[in-house]
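Visitor: Hi! I'm new to this one. Could you walk me through it?

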Amino acid sequence: MNKATDTFTLKNGVEIPCIGFGTWQTPDNEAAYTAIETAIAAGYRHIDTAKIYKNEESVGNAIKKSIVPREELFITGKVWNTDRGYETTLMACKESLKKMQLEYFDLYLIHWPASFNNYENWEQINVDTWKAMTDLYKAGMVKSIGVSNFMPHHLRALIDMEIVPMVNQIEFHPGQMEQETVHFCRKYNIVVEAYSPLGTGRMLDNAVLKSIGKKYNKTAAQICLRWAVQNKVIPLPKSITPDRIKENIQIFDFELSADDMDVINSMEYFAGSGHHPDSMKE
């Protein structure tokens, strides 16, 4: 990957940019609008949001007013837990598209799986939700479909469906590589995206990452993001600070050595959200 617009190819042929701009915890006001405006100007063409982020309106306004044509942007939305199920998923997607002033999503995800700790019929809930995702895809309202926070035991119920998930967005950063899930996804040609690729900021002060960064004249954040891309995972950094938004995309003018990749790959867990899809309270 040599530039931000380089892409991975999903199993249906859709091209997804190799780095995205995340909007979790970005408020639905001028901050979100300005962040998206800054990100697009910096070169991001992949924007990730979700209903539960409660910023779809501001993100949509910035996309609508962007000088970059809509067809050159890749926009991701997500169906929230309270909207799981067939009819409610269809309705949730339509409402999000309307709020964002979009005709379609490039990617639409199930935000969290229903799990056995919360539902006896958790697999059926996920299957019913996936059937709605499939119909949204067939109707052209979404160009590709996938999941988020799904582990192998959540994915197995969907592998034999008419259309298999194309993307799985998971927490992924140094010290938390989720190797079992990543290997499962690779087996079924499911592209992996990384949310919280900077460990909600906790990667930035890590001595190992800072030391590697000095070798390349890069920040710890840039090392994390380049490391993700070289692991063939799409990072989704977020920020509302203009300088950091620009800095986070400046990762295509260097390449980490095999030795440095091995060092980072071998790091033990030291930061993360602690969230697990089977222990999340609904």
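Guide: Two strands pair if DSSP finds at least two bridges between them, and strands (E, at least two residues) and helices (H or I, at least four) are DSSP runs numbered from the N terminus. This is a predicted model, where local features need pLDDT of at least 70, side-chain atom pairs count only at pLDDT 80 or more, and totals for chains, interfaces and linings use all residues. Residues are numbered from 1 along each chain as its sequence is written, and side-chain values use heavy atoms, leaving out hydrogens and water.

Visitor: Ok, what stands opposite A194?

Guide: That's P235 in β10. Two bridges join β9 (residues 191-195) to β10, and these strands run parallel.

Visitor: And what order do the strands of the open sheet take?

Guide: The eight strands go β3-β4-β5-β6-β7-β8-β9-β10, with parallel pairing. At the edges are β3 (21-22) and β10 (234-235), each pairing on one side only.

Visitor: New topic: how many aromatic pairs are there?

Guide: Six, counting Phe, Tyr and Trp rings (six-membered ring for Trp) with centres within 6.5 Å; planes under 30 degrees apart are stacked, over 60 edge-to-face, the rest tilted. One of them is F172 with W227, stacked at 5.0 Å centre to centre and 20 degrees between the planes.

Visitor: Where do F172 and W227 lie?

Guide: F172 is in the loop between β8 and α6 and W227 is in helix α8 (residues 220-230), so the pair ties together parts 55 residues apart in sequence.
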